[in-house]
Amino acid sequence: MPLTTPSSERAERQEFRAYCRDWLANNHPGRPPVPLPLSQLLIDDPRAVGWLQGWQKSAYDAGLVGCDYPVEYGGGGRTDCQAIANEEMHAAKMPYLVNIVGMGMAGPTILFHGNEDVKRELLPPLLSAEHIWCQGFSEPGAGSDLANQQTFARRDGDHWIVNGHKVWTSLAHFADWMILLCRTDRGDKYGGLSYFVVPINAALGNGVTVRPLIKMTGETGFNQVLFDDLVVPDRYRLGAVGEGWKVAMTTLTHERGAAALVNPASGGMPLEEEGGVTTSSVSSLVDLARSQPRGDGTAADDAGIRDELVQLMIRQEAQKQNVRRARVPALTDHPTRLPLQGKVTGSELTQDIGALACRIEGMGSTLAVTDERAPAGGLYPLAYMNSFGGTIAAGTSEIQRNILGERVLGLAKSK
């Protein structure tokens, strides 16, 4: 495959990039009404949700969200342009897009597996953030062993009756819809699963109960969701009965970043990071080291700290260049290696940045974000504690390494 693209395509993308840059320069949404958490998945204030929905709707109306979706499903009908919009939103330090589960997981799955009427019904409000989505995969006994689903859907004519229990369900307390993996046959572990999209907000108190889970940071965001005879129309089933595992792989492939339909939820920056502090950036970590007393100087004078900072800089630059490389087919030896690898290396880099920040802050890292004496507003210890969710979500680092070994390197399956 040629390394270059036709001049007409290059011109179209250059024109789109210029358009994105110009629109973003003139349409910054300003400050949110309340501080935003480090990630969309941690939001627990309805005022933040409403403000972020407004921002995403503006970006969607301007053509910066859903660029590569077909026009008939509410998209822009472009090709390979979402990555450009993401880059420009990130460069302009725009707020993140709130509907991360919808765009990164539900949208692609509906597009590839949904009936025509379901795609036309659900995709436009998903992209505009009119409808917020959550993911109903994990259960108390089905985490890493995702196929061990026990939430059961029993067919009743043109409907399904769902009973069961989901956990770690981010954004369920605000979600209108859920992607739901259920067991429909108890006799077949993988072939006995089916996949549904479920309007959970409309069913609250009538088949659906959402209960918040409190994390070690004191924040919510995660939830458990209980189903008690929830009635779901069969038209909201994606794929054939018993093909839920296959459909779920589409979801997970996009969640892990290993698919062509780029996730627009990656664009943008959290606005709560005051004073230029970006907890996932090594450059901000260097500034932190220069500000923290250590002996007669600062932490930046410590040779060990400097060495660790340089190692993190190298890893961060490698991450950045691998993202660029993944967009050039001639430079990729396997279509999913770099995206799958990026999930592991990215989440672990973020965690290691947080860990080093806590060492740099020393005793200051024990102070909460509510303490005015906390270095950098207490954001680094908070980010470090939250980073463990990143190395677990979408498949733990251990699971992800198994996938890379088996599917990319061709190694024997682990027992």
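Visitor: Why is Asp229 called partly exposed?

Guide: In this predicted model, Asp229 has a relative accessible area of 44%, and since buried means under 20% and exposed means over 50%, Asp229 counts as partly exposed. Asp229 is found in strand S7, which covers residues 223-233.

Visitor: Why is Ala376 counted as partly exposed?

Guide: The relative accessibility of Ala376 is 27%, and because that value falls between the limits of 20% and 50%, Ala376 counts as partly exposed.

Visitor: How do you know whether Thr184 is buried or exposed?

Guide: Thr184 has a relative accessibility of 17%, and because buried means under 20%, Thr184 counts as buried. Thr184 is found in the loop between strand S4 (177-183) and strand S5 (193-198). Leaving aside neighbours within four places in sequence, the residues in contact with Thr184 include Phe152, Trp160, Ser194 and Val241.

Visitor: What makes the pairing of Thr184 and Ser194 a polar contact?

Guide: The side chains of Thr184 and Ser194 are joined at 2.8 Å, and because a polar contact asks for a pair of N or O atoms within 3.5 Å, one able to donate a hydrogen and the other to accept it, the pair is listed as a polar contact.

Visitor: Why does Thr151 count as buried?

Guide: The relative accessibility of Thr151 is 0%, and because the limit for buried is under 20%, Thr151 counts as buried. Thr151 is found in the loop between strand S1 (133-136) and strand S2 (152-156). From C-alpha to C-alpha, Thr151 and Thr184 are 8.7 Å apart in space, while in sequence they are 33 residues apart.

Visitor: Which polar partners does the side chain of Thr151 reach?

Guide: The side chain of Thr151 is joined to the side chain of Glu139 by a polar contact of 2.8 Å, and the side chain of Thr151 also reaches the backbone nitrogen of His165 at 3.2 Å. Beyond neighbours within four places in sequence, the residues in contact with Thr151 include Val162, Cys182 and Phe227.

Visitor: Which residues touch the most other members of the largest nonpolar core?

Guide: That core has 78 residues, and Leu64, Ile110, Trp133, Val197 and Phe227 touch the most other members. Not counting residues up to four places away in sequence, Phe227 touches residues including Thr151, Met178, Leu180 and Ile200. In soluble globular proteins, nonpolar side chains tend to be buried together.

Visitor: How do you know that H7 and H8 are roughly antiparallel to each other?

Guide: The axes of helix H7 (residues 282-291) and helix H8 (residues 303-326) come within 10 Å and cross at roughly 165°, and because angles over 145 degrees count as roughly antiparallel, H7 and H8 are given that description. Their crossing is left-handed, and Val282, Leu285, Val286 and Ala289 in H7 meet Ile305, Leu309, Leu312, Met313 and Gln316 in H8.

Visitor: What makes H8 roughly antiparallel to H9?

Guide: The axes of H8 and H9 come within 10 Å and cross at roughly 155°, and because the limit for roughly antiparallel is over 145 degrees, H8 is roughly antiparallel to H9. H8 passes H9 in a left-handed crossing.

Visitor: Why are H9 and H11 called roughly antiparallel?

Guide: Helix H9 (residues 337-361) and helix H11 (residues 397-408) pack at an angle of about 160°, with their axes 10 Å apart, and because this angle is over 145 degrees, H9 and H11 are roughly antiparallel to each other. The contact is made by residues including Arg337, Leu340 and Val344 of H9 and Gln400, Leu404 and Val408 of H11.

Visitor: Why is Ser387 called buried?

Guide: Ser387 has a relative accessible area of 6%, and because buried means under 20%, Ser387 is buried. The place of Ser387 is in helix H10 (residues 379-390), and a polar contact of 3.4 Å joins the side chains of Ser387 and Gln351.

Technical notes. Residues are numbered from 1 along each chain as its sequence is written. This is a predicted model: local features need pLDDT of at least 70, side-chain atom pairs count only at pLDDT 80 or more; totals for chains, interfaces and linings use all residues. Side-chain values use heavy atoms; hydrogens and water are left out. Helices (H or I, at least four residues) and strands (E, at least two) are DSSP runs, numbered from the N terminus. Buried means under 20% relative accessible area, exposed over 50%, partly exposed in between (1.4 Å probe, protein chains only). Contact means heavy atoms within 4.5 Å. A nonpolar core is a set of buried Ala, Val, Leu, Ile, Met, Phe, Trp, Tyr and Cys residues joined through side-chain atoms within 4.5 Å. Axes are lines fitted to C-alpha atoms, for helices over the stretch in contact, and angles run from 0 to 180 degrees between N-to-C directions. Angles under 35 degrees count as roughly parallel, over 145 as roughly antiparallel, 65 to 115 as roughly perpendicular and the rest as oblique. A crossing is left-handed if the near helix is turned anticlockwise from the far one by less than a right angle, and right-handed if clockwise.
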